[in-house]
Amino acid sequence: MIEFFERRLGPYPWGQEKLGIAETPHLGMEHQTINAYGNEFKRDDYGFDWLLHHEFSHEWFGNLLSSSNYADLWLHEGAGAYMQAVYTEEFMGDAAAHHRRYKSYLAIDSCLSVAPRGEFSNDQMYEEGTGSAANIYTKGAWVLHSLRYLLGDDRFWDALRVLVYDTTEPELLKSPIDARHRTTDDFLRIASEVAGQDLGWFFEVYARTGELPLLVSKQDGEDVLLHWQTAKDLSFNMPVPVRIGDSTVRVEFADNTARIADVQLREILIDPNMRILRQLSSLPTCAEQRLEEAGSGVR
Ligand SMILES: [Zn+2]
């Protein structure tokens with residue numbers, strides 16, 4: 001597991017001190033150099049102990065990278081959870097990785113943003129109904145998965161390395177180390193620098209807004225028209241993979257819209273490998289979720 005983190009991110013931050021685990025009755029809690037751990041090394045459906053892996057991920061996302069405001073906690077938990085998804089890709093292959101990601105997609109609360117604006121305490125973030133609670137894990141990981149598609153693998157991992165270490169080529173860190181306090185806006189700045197374009201639109205829709213973007217497709221004469229519908233008509237030009245015949249192409253957007261020429265809607269499949277976080281019919285929309293919570297039974 002540690003080899004995986006070091007290869008994907010960089011050196012274990014406290015390699016000159018220690019890497020320890022203390023077995024406790026509590027399920028798990030990250031602590032710098034020694035995690036509290038109580039999962040009995042059980043393997044999950046993906047063939048490894050997700051909790052041990054998750055707590056290790058916090059040595060990077062949580063202990064080396066820290067946050068001064070709990071509203072930015074998704075940088076700990078979403079990134080931490082995403083590392084289990086990536087490990088599943090490597091360890092078990094695509095089928096297991098898709099399964100894990102789809103299961104976490106279905107757990108998303110489509111009313112809650114992962115990074116609400118303002119100051120939040122830890123208790124507020126985990127408070128039911130107001131905080132972002134489980135969403136910072138599930139949706140947080142999905143935001144990163146979508147960013148990975150947008151940037152491509154190399155630039156995505158570079159962005160995470162700069163976020164955590166300040167550099168794309170981290171060397172073994174000498175102790176003592178000060179944690180780097182990061183905010184969602186820091187991540188926006190870093191990802192924008194790596195991407196060579198302002199990614200404000202990406203973070204506004206995915207991190208700051210609760211409602212997921214909806215991709216509407218329709219036939220328009222000989223062409224297919226794709227349109228991103230967002231809460232408050234936010235600008236959103238997220239490219240989308242589309243399978244046409246035997247090949248999958250990356251369709252770029254302008255003004256939330258894209259046109260695929262000379263093709264029938266029934267001949268294409270949008271985002272065949274689910275690389276992009278969006279509102280699908282399998283997930284209740286925010287409005288549907290609210291109705292459900294109100295006990296109307298309508299869905
Ligand atoms: Zn965690």
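Helix α6 is mostly covered, with 14 of its 17 residues buried. Buried means that 20 or more other C-beta atoms lie within 10 Å of a residue's own; exposed means 12 or fewer, partly exposed is in between, and C-beta atoms are placed from the backbone. This is a predicted model: local features need pLDDT of at least 70, side-chain atom pairs count only at pLDDT 80 or more, and totals for chains, interfaces and linings use all residues. Residues are numbered from 1 along each chain as its sequence is written.

Helix α6 covers residues 135-151. From first C-alpha to last it reaches 23 Å, close to the 24 Å expected at 1.5 Å a residue. That expected span is 1.5 Å times one less than the number of residues. Helices (H or I, at least four residues) and strands (E, at least two) are DSSP runs, numbered from the N terminus. After α6 comes G152, with a positive phi near 85°.

Now turn to α2, residues 50-57. It is largely enclosed by the rest of the structure, because 6 of its 8 residues are buried. They are W50, H53, H54, E55, F56 and S57. These residues pack against α1 (2-8), β2 (28-29), β3 (34-37) and α3 (74-92). Contact here means C-beta atoms, placed from the backbone, within 7 Å.

Next, the loops. Most residues other than glycine have a negative phi. D233 has a positive phi, near 50°. It sits in the loop between β7 (223-229) and β8 (240-244). D233 is exposed, with 9 other C-beta atoms within 10 Å.

D271 also has a positive phi near 50°. Its loop runs between β11 (268-270) and α10 (286-293). D271 counts as partly exposed, with 18 C-beta neighbours inside 10 Å.

Methods
Two residues are in contact if their C-beta atoms, placed from the backbone, lie within 7 Å.
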